[in-house]
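Thanks for making the time this morning. I would like to walk you through one model, and I will give the cut-offs as we go.

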Amino acid sequence: MTESVIKDRDLPDLTNEEIGRYSRHLLLPEVGLEGQKRLKEAKVLLVGTGGLGAPLALYLAAAGVGTLGIVDFDFVEESNLQRQVIHGTKDVGRPKVASAKDRIKGINPRCNVVTYNTMLTSANALDIMKDYDVVADGTDNYQTRYLVNDACVLLGIPNVYGSIFQFEGQASVFYAKEGPCYRCLYPEPPPPGLVPSCAEGGVVGVLPGIVGCLQANEVIKLIVGGGDTLIGRLLLFDAWKLKFRELELDKDPHCPICGKSPTIYELIDYEQFCGLKKNQDEEPVEIITARELKERIDRNDPLQIIDTREPHERAIVKFPQARAIPLGQMARRIDEFDPAVDAVFICKIGQRSVFAIRALREAGYKGRLLNLKDGINAWAREVDTTLPTY
Ligand SMILES: [Zn+2]
């Protein structure tokens, strides 16, 4: 059974209005007056106000969590609205923390909302996180996930973890005092680019709603105390097959941050750890902007334009002059390229196409290889505005 993370604190009283508002909680013996006071006393930090952060913020505010901190540096975009239900159509273009705060206040004006309109980094994470009782991780990248994990271990607070991709979600509670941490489960990040982001691979809109609600449920149990949490368990959810699975997680005695003889005592450089810093020996990839490409096409410059996207993406928007070669076939089809002619590689946002260029280089290709900066979305924004972005 879980102990409350704020069990030894003086708790605030509830007003009559609060007793009315939270009556359905007060009727549950597992929550009761004491549990509701704990929720009022609690401070929860949400890292990210995207797909996972949205249900987390909405339900935790409604549940009566006294202080919600929200960290995000992003602005609301139209493509967020399919799943980030805390933001509305009228919020497109606003900072996500501002839009989220308005919505939280609309649900529960008593919730004290602290906004951090910044990227969480090694320089600010401990300062931002130190006053909170629980952190819920709603980030979408490995460097922030390791950063949140390490900061939580160093500060001794639980990290309620969730992640989503396409139709699959994961959730757990990493609390080094009582169980494993994220590093015990994943000691090393995957090589950069190997696991596509939701921006490249897509995600079914309701999935973050489900996983974010699971996280909110864990946060409430950690505050109220009692119940069984996901400490030491990894929950795997497949929305397409509608299956939940569970893995038992053990603490790794050799874990570099929560193990018996830790080697990490402070926050590190997470971009470097996740391999995101440029390798000095690696030849840089040459880029071409959408406008430069348009000029070269208009001049009838000889070019080989290669679309590296998947067939279902080409169905969304086509690049007229391009030949389609899937990423996995690039090196094998090296003979189809003419090294005397510049080759331009296209994907959605200019990240996967880099792998096409690297694959050809590794296969010994000698011609000039150019990467379309920001992909076909940049072409649609800057050159052919009749095309959609996705
Ligand atoms: Zn660990």
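What we have here is a predicted model, in which local features need pLDDT of at least 70 and side-chain atom pairs count only at pLDDT 80 or more, while totals for chains, interfaces and linings use all residues. Residues are numbered from 1 along each chain as its sequence is written, and side-chain values use heavy atoms, with hydrogens and water left out.

Of its 390 residues, 47% are buried, that is, under 20% relative accessible area with a 1.4 Å probe and protein chains only, where exposed means over 50% and partly exposed lies in between. The C-alpha trace spans about 75 × 50 × 40 Å along its principal axes.

Now, which residues are the protein donors of the zinc ion? They are Cys181, Cys184, Cys255 and Cys258, each through SG, lying 2.3 Å from the ion; a donor is an N, O or S atom within 2.8 Å of the metal (3.2 Å for Na, K and Ca), and since water is not among the atoms, sites may look incomplete. The spacing in sequence is C-x2-C-x70-C-x2-C. Cys184 lies in helix 8 and Cys255 in the loop between strand 8 and helix 11, so this pair ties together parts that are 71 residues apart in sequence. Both Cys184 and Cys255 are buried.

Turning to the loop between strand 2 and helix 5, we find Ile86 there, and it counts as buried because its relative accessibility is 2%. Beyond its neighbours within four places in sequence, Ile86 is in contact (heavy atoms within 4.5 Å) with residues including Thr49, Leu58, Ser99 and Ile104. Ser99 is 13 residues from Ile86 in sequence, and their C-alpha atoms are 7.6 Å apart.

Lastly, helix 14 covers residues 352-362, and Arg352, Ser353, Val354, Ala356, Ile357 and Leu360 are its buried residues. Those buried residues pack against helix 9, helix 13, strand 12 and strand 13. After helix 14 comes Gly364, with a positive phi near 95°.

Terms used:
Helices (H or I, at least four residues) and strands (E, at least two) are DSSP runs, numbered from the N terminus.
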